[in-house]
Amino acid sequence: MKIALVDSGLGLLSAAAALRALRPDADLVLSTDPDGMPWGPRTPAGITEHALACARAAAEQQPDALIVACNTASVHALEAIRAELEPDIPVIGTVPAIKPAAAAGGPVAIWATPATTGSAYQRGLIREFAAGVEVAEIPCPGLADAVERADADAVAQAVAAAAALTPADTRSLVLGCTHYELLETAIRAAVPGPTFFGSAPAVAGQALRRAAPAAVATEGNGTLLVLRTGRKEELPPEALTYPEGRAL
């Protein structure tokens, strides 16, 4: 079994590590875009162009399923990627875990990029899945970029700023950017108490179900192929600063 993941950068590590934990025998393809990142400030058309390029590079490896492991790309490019690759390759998007967080009980806080915070997309998810629940949308400027650079000081500053905006009575905290899932320990230290909700486990499980519903795990370790703007390379050193990167 082979699963591909697409993101501008390191945000895909959390879902990749979840896949590796569930199916150590699965071959993984990580398709990122260091030459074109960050995607967030781009226009929707620009995001779609870059995400499609990464998806096409991954599709050349003939995966059994492809994960768009990026909230921003899922908002703007998921339908275009599905239109091009499905039904040959099932495509799984990434949605912030607002539904399970609201079901677990509010108040809910959603940490997300400034572009996603307050967006029609996120507000729509709140209306659909968290109606009647108190929800605070927390913008986290610079946090994803700090994760990408593995800049510990910048991460600490951005986490502290977001923590200061998070209501003290928050019971459920949604990590609404895949990059943030790499920082769960640091965020828990800054915001003790809430139950945390990320998307990686659910996305990994869905990808495995779509890839081969009846497949049985086999012995042995799966392979890892890294594509950086289409080039076959190694994981960047920054990836190895996170447990999820080292697990691969």
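These questions and answers cover the sheet, the cysteines and the nonpolar cores of a predicted model.

Residues are numbered from 1 along each chain as its sequence is written, and side-chain values use heavy atoms, with hydrogens and water left out. In this predicted model, local features need pLDDT of at least 70 and side-chain atom pairs count only at pLDDT 80 or more, while totals for chains, interfaces and linings use all residues.

Q: In what order do the 6 strands of the open sheet run?
A: Strands are DSSP runs of E, at least two residues, numbered from the N terminus. Two strands pair if DSSP finds at least two bridges between them. The pairing here is mixed, and the order is β4-β3-β1-β2-β9-β10.

Q: Which are the edge strands?
A: An edge strand here pairs on one side only. The two are β4 (91-92) and β10 (231-233).

Q: Which residue in β4 stands opposite I67?
A: Strand β3 spans residues 65-68 and runs parallel to β4, with 2 bridges joining them. The residue opposite I67 is I92.

Q: Which residue of β9 is the bridge partner of V29?
A: Strand β2 covers residues 27-32 and strand β9 residues 224-228. They run parallel, joined by 5 bridges. The partner of V29 is L225.

Q: Which residue in the turn between β9 and β10 has a positive phi?
A: β9 and β10 pair in the antiparallel sense over 3 bridges. One of the bridges links R228 to R231. The hairpin has 2 residues between its strands, and the one with a phi of about 50° is T229.

Q: How many disulfides are there?
A: A disulfide is a pair of cysteine sulfur atoms within 2.5 Å. For C54, the nearest cysteine sulfur, that of C70, is 9.9 Å away. For C70, the nearest is that of C177, 6.9 Å away. The count is 0.

Q: Is C70 buried or exposed?
A: Buried means under 20% relative accessible area, exposed over 50%, partly exposed in between (1.4 Å probe, protein chains only). C54, at 4%, counts as buried. C70 has 8% relative accessibility, so C70 is buried.

Q: How many residues make up the largest nonpolar core?
A: A nonpolar core is a set of buried Ala, Val, Leu, Ile, Met, Phe, Trp, Tyr and Cys residues joined through side-chain atoms within 4.5 Å. I3, L5, I67, W111, L143, Y180 and I187 touch the most other members. Another core, of 23 residues, lies apart and includes V6, V29, A51 and A77. The largest core has 49 residues.

Conventions
Helix = DSSP H or I, 4+ residues; strand = E, 2+ residues; numbered from the N terminus.
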